Amino acid sequence: MHTVNKVRASLGLRIGLELARKMSMFTIAQPNRLRVNIRRLMKHRGLIQFALAGTVALLFCSCEDMEQQMQKPLAGILPIPTPTPGWWEDSGGGGEPRIVVNLTEQKAFFYRGKRLVGESTVSTGKKGFSTPPGHYSVVSKDKNHFSSEFGDYIDRDGNVVVSNIDVRKDRCPKGAHFDPARMPYCMHFNGGYAMHQGYCPPFAASHGCIRIPEGMAEKFYNNAPVGTPITVRE
């Protein structure tokens, strides 16, 4: 620690001498000379600011603190909060269930009568596979549903040959077979369209279905019997 203090004192002395040299340009002089000195001072403003910051750091921070601060990435100092998938509060009260999906907000809302009891992020149909707006209702439910159209092509050893395929459009490579995508807590509401648990990025990414994140999918599924109205709006 004695050696560290000597190094710190030496560095502080060098910074002080450099500051003194730069500030000497700011002494009283003739008008023309003063203008020149001011221009020189403005050119070296960044160096002076850096020297001042370094001096303050040396005076008020220990070597250990400085090392830790230099090693911390910006993301670690200012972490970005992760948004929650949704919330559910259905204690007490009654009313008929209904679901409203907002395509612009990428959110689903669960109501009992006029009371909002749950809200979740969703991921609806991407460009070219848009989820159609309209008024529908739950026509069937399957807690452990597997898609008949979407999934992967895999080989006999279980290795994915082609991922995220549509069997109606993508030909199966020789020696591979179709591995259907899992769609837990599936509720069909419009032909092949369904609301089910799945990957939910903060944008529309599905082939038309309404994906809902783990945890919230189970809440919606358990509280929406067949016949529950589903409204999809822009």
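Colleague: Which residue in β8 is the bridge partner of Lys 141?

Modeller: This is a predicted model, in which local features need pLDDT of at least 70 and side-chain atom pairs count only at pLDDT 80 or more, while totals for chains, interfaces and linings use all residues. Residues are numbered from 1 along each chain as its sequence is written, and side-chain values use heavy atoms, without hydrogens and water. Strands β6 (residues 140–154) and β8 (residues 177–190) run antiparallel and are joined by 10 bridges; two strands pair if DSSP finds at least two bridges between them. In β8, the partner of Lys 141 is Met 187.

Colleague: How many helices and strands are in the chain?

Modeller: Both are DSSP runs numbered from the N terminus: helices are H or I of at least four residues, strands E of at least two. By that count the chain has 6 helices and 11 strands.

Colleague: In what order do the 5 strands of the open sheet lie?

Modeller: The pairing in this sheet is mixed. Its edge strands, each pairing on one side only, are β7 (160–166) and β10 (210–212). The order is β7-β6-β8-β9-β10.

Colleague: At about what angle does helix α6 run to β8?

Modeller: Axes are lines fitted to C-alpha atoms, for helices over the stretch in contact (heavy atoms within 4.5 Å). Angles run from 0 to 180 degrees between N-to-C directions. Helix α6 (residues 216–223) lies across β6, β8, β9 (193–197) and β10. Its angle to β8 is about 50 degrees.

Colleague: Is Tyr 185 buried or exposed?

Modeller: Tyr 185 is found in strand β8 and has a positive phi of about 55 degrees although it is not a glycine. Buried means under 20% relative accessible area, exposed over 50%, and partly exposed in between, with a 1.4 Å probe and protein chains only. The relative accessible area of Tyr 185 is 14%, so this residue is buried.

Colleague: Where does Gln 106 lie?

Modeller: Gln 106 also has a positive phi, near 55 degrees, in a residue other than glycine. Its relative accessibility is 10%, so Gln 106 counts as buried. Its place is the loop between β2 (97–102) and β3 (107–112).

Colleague: What share of the accessible surface belongs to carbon and sulfur atoms?

Modeller: Accessible areas come from the Shrake-Rupley method with a 1.4 Å probe. Of the 234 residues in the chain, 32% are buried. The accessible surface of the chain comes to about 15400 Å², and the share of carbon and sulfur atoms is 58%.
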